[in-house]
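Colleague: I'd like to learn how to read a protein model, one feature at a time. Could you walk me through this one?

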Amino acid sequence: MSTTSSAVERAFEAALYADSDAALDTGASLLAADPTADTELASRGREFVATAWRRGWQPADVVRIVRRELDDVHVRLVSRLILDENRQPPNPRWAAQLDELGAAESDPPHTDRFSYATAVLELYRLLLRLPALEPLDAPGKPGKPEGRPRGDARMLSRIRGLLAKAEATGFPEEAEALSAKAQELMARHSIDEALLAAREHDGNSPGACRIGVDAPYETAKAVLLDAVAAANRCQAVWNEALGFSTVVGFEPDLEVVELLYTSLLVQATTAMTKAEAAQRAGGRKRTKTFRQSFLAAYAHRTGDRLAAVAEEQRDQAAGAGERERGELLPVLAARDVAVREQVTRLFPETVTTRMRGVSDAAGWQEGTAAADRAQVRARSPLNP
């Protein structure tokens, strides 16, 4: 065994398998004293990242858990390791995560060797203990070409633009009009994709993605994501311990779920901040219970509205011409069955949960009103 490897091994033995600060300091001291250990240390980090892929994690998942459990310096370290380790993204979603990571990446701040070694060992300690997740993709294997129509990227770009403008405007009427148009495009996009796939007999099966559900008030946020997923013919399964939900569905629907959930969460946060400021101006102090009840009511009411919109969309499909109805309804029904079967395969054992801590009447009323103002549906008829 070389001297470098010996230093790294001794540092790992001291620091990675114990939780104490003293063990961490011992390991960091060993690494700081041996500058030649840096190359081997980086190589071992890439091995930890590769092991995470084999355990079912994806790049965005790893960055999310590091950001949740550690600090910005650790996020920068793991981002560099991920970009260095990956050479052949297994599918377009994985590649998009790497692209986003590369665009946001910055080098860790320059610091002394002991502080740097401490941060590295803290990161590796976390990576070493990552549990196995449900595998959404097979790492290292090229993904199947999507075969999407050329207009797909342009459609999603338009939806993103409309939602971004709806979130940014200070005029409720303008936000309503922008969000209504975005929702109409979402529904049309999903139906067009489903029909095209059926006509081309592409044999695609449902996929899955993980969406972060961050504290605080994560239960209400998970309920909101579940409602958005259900309205778009997907299903969401929440992993409370690790701070994300896995959404199962066909790829076009997964994309619009991510877009709509993010937009509604931004709208909810903006509305909550304004309502809370008004409450404080009136002499109110209990902001935590107000926020909890506000977001719970927002999620509950938005879920009801999304369910109603989904029902109207099914009615519109059923009311189409005989030829279109005979083609569309079996396609959508078959997709619903495929999604349910995929959820059962990935998550054979799930349990239901309930919201707790909802005790503020004013927060509930304000959240319900904000959900009514949020735009989740199109005003004009949809003609597939």
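Colleague: Is strand E3 mostly covered or mostly open, and how many of its residues are buried?

Modeller: Helices (H or I, at least four residues) and strands (E, at least two) are DSSP runs, numbered from the N terminus. Buried means under 20% relative accessible area, exposed over 50%, and partly exposed in between, with a 1.4 Å probe and protein chains only. Here, strand E3, residues 244-249, is mostly covered, with six of its six residues buried. On one side sit Phe 244, Thr 246 and Val 248, on the other Ser 245, Val 247 and Gly 249, and all are buried, so both faces are covered.

Modeller: A word on the source: this is a predicted model, where local features need pLDDT of at least 70 and side-chain atom pairs count only at pLDDT 80 or more, while totals for chains, interfaces and linings use all residues. Residues are numbered from 1 along each chain as its sequence is written, and side-chain values use heavy atoms, leaving out hydrogens and water.

Colleague: Which strands form the sheet, and in what order?

Modeller: Two strands pair if DSSP finds at least two bridges between them. In this model three strands make an open sheet, ordered E1-E3-E2, with antiparallel pairing. E1 and E2 are at the edges with a single partner strand each, so one side of each has no neighbour in the sheet. Axes are lines fitted to C-alpha atoms, for helices over the stretch in contact, and angles run from 0 to 180 degrees between N-to-C directions. Ignoring direction, neighbouring strands of this sheet are turned by 25 degrees against each other on average.

Colleague: How many bridges join E1 to E3?

Modeller: Six bridges join E1, residues 207-212, to E3.

Colleague: How do helices H4 and H6 cross?

Modeller: Angles under 35 degrees count as roughly parallel, over 145 as roughly antiparallel, 65 to 115 as roughly perpendicular, and the rest as oblique. The axes of H4 (residues 59-69) and H6 (residues 92-104) come within 8 Å and cross at roughly 45 degrees, so the two helices are oblique to each other.
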